[in-house]
Amino acid sequence: MADVLVCVKRVVDTGGEVTLTEDGSRVDDRSLGHTVSPHEECAVELAVQVAKATDGEATVLTLGSEDAVAQLRDALAVGCTRAVHIEADADGYGPADVAAAIADVVRTHEAAGTTYDLVLLGNDAADTGDFQVGIRLAYELDRPVVTGIATVSVEGDRVVASGDGPEGTDTYELPLPAVVTVMEGGVEPRYPSIPGRMRAKRVQVETVVDERVPVGSGRVRLKLPPVQPSQVQLLGEGPEAAPAVVDLLEKLGVLR
Amino acid sequence: MTVLVLVETDAGGVAEVSLETLTVARGIGGVDALVVGGIAEDVVTRLGEYGAGRVVQALGEPFSSYAPAAWAAAVVAAVDDHDVVMAAGTPRGNEVMAHVACRLGTAMAANVVTVDAGAPLRVSRQVLGGAALEEMELTGRAVLTVAGHACEPAPADEPGAASVVPLEPEVAEADLRARVVRTEAGEPDQSGSLKSARVVVGAGRGAGGADGFKELLELADHVGGTIGVSRVVTSLGWRPHHEQVGQTGSRISPDLYIPCGISGAIQHWAGCSGAKTILAVNTDPDAPMVTKAHYAVIGDLHQVVPAVNEEIRRRRA
Ligand SMILES: Cc1cc2nc3c(=O)[nH]c(=O)nc-3n(C[C@H](O)[C@H](O)[C@H](O)COP(=O)(O)OP(=O)(O)OC[C@H]3O[C@@H](n4cnc5c(N)ncnc54)[C@H](O)[C@@H]3O)c2cc1C
Ligand SMILES: Nc1ncnc2c1ncn2[C@@H]1O[C@H](COP(=O)(O)O)[C@@H](O)[C@H]1O
């Protein structure tokens, strides 16, 4: 039996354009939806698969505002069976703070009888892209860790994890308990079913209030790259544009 | 100030991204390089051209296959009075530097594009896949990775001595718990051809379905290119994930990118902004991909692309 913990972060779902708050401290998300990184969607899928294959449970965790419970429900709807919400101001937390807060929960649950043999995270968060919470968590817990993984399976007391390396697909075998960070591409995250959504609503989310004084992220402010005025040259409309397109391809010398 | 740079090598010698990193490092101060494993003579020469004073070479059994924590142990052993430790923002660069930051008890800044030397060190780095920059201050010893294409790699005005210093760092048993046990080269990083393609024909939701790619594939063939797609296309299962371009797919830098039926969300733009020329095909003249492109055709890709293929065939005949 392997109990799996999977960590997701609520982020802004931006479309074609980003705007910042006036003080540049964060992204203006007032008119935008929220989501989690595709890497984390895949981590959730892998958590559910590993839990099922080993008769364990998949627990989803997030650290953030009360609104982040929506992202927990999304993961519950696709097969996680427990959820933990660490209530804290994610904006004031740096990666070391987030990792320390998650580690506290892992230790508390372990003391209460639940050991998370495997902790899955995204390779990098969609917004801050720090590329380090998983590794910091592993150091907090003194566990082995590997990043950028596409597929995992638990075999006895080891986890077998594979992902893209510089020369092909690299495979690792880590002794459990371990931490693995996931990259999109190895599994198809399933869509929530209606019964799944109903079940998710009924799950009691465990709330943990985190009251540490955060080290912080070191952020001074955000900036947007200068907007380039559009310089697009229209080659035409519809199929009539074909000769102009082929002229361009010839000019660029790309036709074989 | 002095900087230690973890250098990655590939079949062509020092990896291009590591040359960029060395170039950024020289802007901060004196540079030493660290290479894990055996190095060819031309690598040492190249590191000298890029300003390396010392070239520390980490040797020993722990490095016979990749183990991120062992690499980090080597970096930490090689640090003496260096103020900054850095690597390229590659998967391994980011991974090893995060380990290093944990071991040194400091923060890490990933995907840095500019550095203002000083204490604290002030950097700006890519967030939101590069759609925004974060200004960040690093106190104490700074650990960071440099984003790809942050600068043009350039040799130093005055080459460094590049004196090779062999190092056999102590690597704890625990640092080998996570280690590559095998590599299947048969399936090389399938996105490799996409990342290095000169021409990429892009396809998004506008392709309409898994069977909507015939004409796009023909066009790719005419231009000696390869197919790249949006996340909508991979999540709907129309094409495999290794063809995905973007923040959670491949970053491409072709001479020409032809996105057809792709809106140009920031997460897609993150992967294609390195294209030299962009020719968009889209029904919507206001789609971000169209306004950001160099050239555009407004229309249904299922009419435009076949007409283009036909015109190519006609001119060839
Ligand atoms: C954290 C995160 C990471 C992400 N990573 C990625 C990533 O790596 N890569 C990626 O691509 N996306 C990524 N996304 C998703 C991204 O936000 C967009 O949802 C996605 O890129 C949109 O794909 P699309 O352009 O194909 O579809 P849409 O946004 O639906 O656009 C379709 C476009 O096609 C045009 N069109 C429709 N029919 C036709 C036709 N017949 N002929 C011509 N034009 C037509 C429309 O005008 C429209 O502009 C990510 C999202 C998040 C939140
Ligand atoms: N606030 C958070 N709550 C839960 N998980 C998080 C949080 N922040 C980061 N993570 C996890 O850590 C991964 C890497 O984040 P980062 O190191 O910030 O790029 C993410 O993909 C998440 O899985």
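1. In this predicted model, Ala203(B) lies opposite Val229(B), a residue of β14(B). The strand β13 of chain B, residues 199–203, is joined to β14(B) by 4 bridges, and the two run parallel.

2. This pair belongs to an open sheet of 6 strands with parallel pairing, in the order β14(A)-β17(B)-β16(B)-β15(B)-β13(B)-β14(B). The edges are held by β14 (233–237) of chain A and β14 (226–229) of chain B; each has a single partner strand, so one side of each is left without a neighbour in the sheet. On average, neighbouring strands of this sheet are turned by 20 degrees against each other, direction ignored.

3. Ligand 1 is placed between chains A and B. There are 29 residues around ligand 1, and those that come nearest are Arg205(B), Ser230(B), Ser263(B), Gln267(B) and Asn282(B). By class, the shell around ligand 1 comprises 16 polar, 8 nonpolar and 5 charged residues.

4. Several polar side-chain atoms approach oxygen atoms of ligand 1. For Arg205(B), a polar side-chain atom is 2.7 Å from an oxygen atom of the ligand; for Asn282(B), the corresponding distance to an oxygen atom of ligand 1 is 2.7 Å. A polar side-chain atom of Gln244(B) is found 3.0 Å from an oxygen atom of ligand 1.

5. On its own, ligand 1 has 990 Å² of accessible area, of which the protein covers 83%. The elements giving two or more residues to the shell around ligand 1 are α7 (231–235) and α8 (266–272), both of chain B.

How values were computed: Residues numbered from 1 in each chain as written. Chains lettered and ligands numbered in written order. Predicted model: local features only at pLDDT ≥ 70, side-chain atom pairs only at ≥ 80, totals over all residues. Heavy atoms only, no water. Near = heavy atom within 4 Å. Polar contact = N/O pair within 3.5 Å; in protein donor to acceptor, adjacent residues only side chain to side chain. Areas by Shrake-Rupley, 256 points an atom, 1.4 Å probe, with all protein chains shown as cover. Nonpolar A, V, L, I, M, F, W, Y, C, P; charged D, E, K, R; others polar. Pairing = 2+ DSSP bridges. Axes fitted to C-alpha atoms, helices over the stretch in contact; angles between N-to-C directions.
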